[in-house]
Amino acid sequence: MSQTDRQVNVLIVDDDELDRKLVKLVLIKAAAQIRFNIETAQNMSEALAKLAEASFSIVLLDLNLPDSRGTETVKKVFEIAPDVPIVVLTGLDDEDAGLDAIRSGAEDYLVKGDSLEYTLVRTIRYAIERKRTESSILEAKQDLEKINARLLKATKTAQEMAAEAERANAAKSEFLANMSHEIRTPMNAIIGFSEVLEEETLTEQQKQYIKLILDSSRHLLGLVNDILDFSKIEAGQMNTESIECDVRALLENVESLIKPSVEKKNLQLKIECSDDVPIVIMTDPARLRQCLINLLSNSVKFTEQGYVKIFAHKVSKDNNPFVEFAVSDTGIGIPAEKLGTIFDSFTQADGSTTRKYGGTGLGLTITKQLAELMGGNVTTESQVGHGSTFKFLVPATIPQEQSLESGLSENTGETEQETEDKQGSLQAEFSGRVLVAEDGMANQVLIKLLLEKLGFVVTVAKDGLEAIDAVKNQHFEIIFMDMQMPNLNGYETTKRLRSLGINTPIIAMTANTAAEDEKQCVAAGCDNFVPKPIDKALLLKVIREYMGVSSNVK
């Protein structure tokens, strides 16, 4: 107990005067450790009256009183003082009776006798601490229920806003962009600070809390991404591009992203690529990665034992070459009568799966529509109790300069440094000054903290005007620019800095993550783009690119 806990108010409830004196004597002898203020009651009526009038730290309760006997005695005290721990003192060495007392609300029970002086004080301390812990947990639960109620209210509001946006289709694009920015901005702080706390020295319970926050935040971010992607597709605003994609490197990246969730469920992960798959194909790597992650995540979700697997190989369809990514699992499977509906919006094979496994029912819908946008398709085969296989096809269009001969590409794996970045914490390896232009207080603190951990001296500007003044007065190695700021936004700030002849690398750091947003940042004069929530590995990669091998690396 702490210094402030060394005074304990005790109520002894016992009809036997000798037993009351014995207990008081034991407590008085312990005065060197704890000072006990002792009150006594000879029956239940007197005890209840004293509990109603005064505050007690603990009740030492005999089970058999003149006006109350057995577990009813415990229940009566617990009803009037549920926050006060109860320790039963009984003359009967009966374990079943003791357990009944605990089930009725007591924290512990002791048998009267010579050993009481050795156990009573310790039992009191433990009972008080247990009760205090229970109260803390209850308060936390109540707080979570309040937060959940607010979240439910916020979700309801968001749904109403989405319905209104549907009716006002002309304003839908702007609404979705704003929604993405407003959700991702606080999510950046939630995920970022949780990752920072995860690297601190914590108790096992605290580590569990942080892990729950991170898992919940990432799950929420995934749901947000699904909803926004679906809305864009429905509005005809989803665009894909056709650029070079190293298939094997992409598969390795997918493996690294899905591996933690696979290991968490003790499943096997198999990634195979046939030699007949071209080294490089022309497709949209970001969307292909998104679809494969969707399919793999779906397999992991519905698989409790066995494996999940991707097998990539070359196939021909209508005399045209395609790459087929077959995603298989040993999960619960899908009933035959449901196979025709699983790609429908907001639909799962069984309504109960939403309650058990979660999700929006949009993942497969988005995957199917993206596959079609990329010139391919997705199909499925499944058997209940034996797993499912989803076949995702994309055209195997190859760059003109690439030979049709297949083979392993060079340097497709992660470097040691990239692996270390993903598994470890941020280390101080740079020096120099950097400028962060950011108006959000939480994100200012987070980004400043991340950059200082890397060794930088950080200056923060809360809007574009402050950023321009700061650049005029001192040199910076890199400028990190939020694009949505008051007074002067990031786009205009970047343009003005470039017009002043400032050549410092400017990295856009924004919650607007669409491809058109990235292009707009580059058009304004930014050198690169880091989306929020910030990925530490990507942040490190971008910084290293612009600091260079001859930078001020410590």
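1. Arg-103 counts as exposed, at 63% relative accessibility. Here exposed means over 50% relative accessible area, buried means under 20%, and partly exposed is in between (1.4 Å probe, protein chains only). Asp-100 is partly exposed, at 35%. The two residues form a salt bridge, with the closest N and O atoms 2.9 Å apart. A salt bridge is a side-chain nitrogen of Lys or Arg within 4 Å of a carboxyl oxygen of Asp or Glu. Both residues sit in helix H4 (residues 95-103), three residues apart, which puts about one helical turn between them.

2. Ground rules. This is a predicted model, in which local features need pLDDT of at least 70 and side-chain atom pairs count only at pLDDT 80 or more, while totals for chains, interfaces and linings use all residues. Residues are numbered from 1 along each chain as its sequence is written, and side-chain values use heavy atoms, with hydrogens and water left out.

3. Confidence. pLDDT is the predictor's confidence in each residue, from 0 to 100. The chain has a mean of 81, and 82% of its residues reach 70 or more. Two stretches need care. Over residues 403-416, pLDDT stays under 50, and the model has 21 contacts there beyond four places in sequence. Residues 549-554 also stay under 50, with twelve such contacts. Contact means heavy atoms within 4.5 Å. Where pLDDT is low, the predicted coordinates should not be read in detail.

4. Overall make-up. The chain has 17 helices and 17 strands. These are DSSP runs, numbered from the N terminus: helices are H or I with at least four residues, strands are E with at least two. Of the 554 residues, 42% are buried. Among contacts between residues at least 6 apart in sequence, 70% join residues at least 24 apart. The chain exposes about 29,200 Å², and carbon and sulfur atoms supply 50% of that. Areas come from the Shrake-Rupley method with a 1.4 Å probe; for residues, only the protein chains shown count as cover.

5. Lys-532. The salt-bridge count comes to 23. Lys-532 takes part with Glu-438, where the closest N and O atoms are 2.6 Å apart. Lys-532 lies in the loop between strand S17 (528-531) and helix H17 (536-547), and Glu-438 in the loop between S13 and H13, so this pair ties together parts 94 residues apart in sequence. Both residues are buried. Lys-532 also meets Asp-482 in a salt bridge (3.5 Å, N to O). That pair links distant parts too, 50 residues apart, with Asp-482 in the loop between strand S15 (478-481) and helix H15 (490-499). Asp-482 is buried, like Lys-532.

6. The cis bond. A cis peptide bond joins Lys-532 to Pro-533, with omega about 0 degrees. Pro-533 is in the loop between S17 and H17. Most residues other than glycine have a negative phi, and most peptide bonds are trans.

7. Positive phi. Asn-266 is not a glycine, yet its phi is near 55 degrees. Asn-266 is in the loop between helix H8 (247-264) and strand S7 (268-273), and is exposed at 70% relative accessibility. Asp-318, also not a glycine, has a positive phi of about 55 degrees. Its loop runs between strand S9 (307-317) and strand S10 (320-329). Asp-318 is exposed at 65%. Gly-375, which follows H11, has a positive phi near 90 degrees.

8. At 19% relative accessibility, Asp-19 counts as buried. Leaving aside neighbours within four places in sequence, Asp-19 contacts Asp-14 and Lys-112.

9. Aromatics. Rings of Phe, Tyr and Trp (its six-membered ring) pair if their centres lie within 6.5 Å; planes under 30 degrees apart count as stacked, over 60 as edge-to-face, and the rest as tilted. The count is one aromatic pair. Phe-430 and Phe-456 have ring centres 5.3 Å apart and planes at 5 degrees, so the pair is stacked. Phe-430 lies in the loop between helix H12 (416-423) and strand S13 (433-437), and Phe-456 in the loop between helix H13 (441-453) and strand S14 (457-461), so the pair ties together parts 26 residues apart in sequence. Both are buried.

10. Helix H11. In H11 (residues 363-373), the buried residues include Leu-364, Ile-366 and Leu-370.
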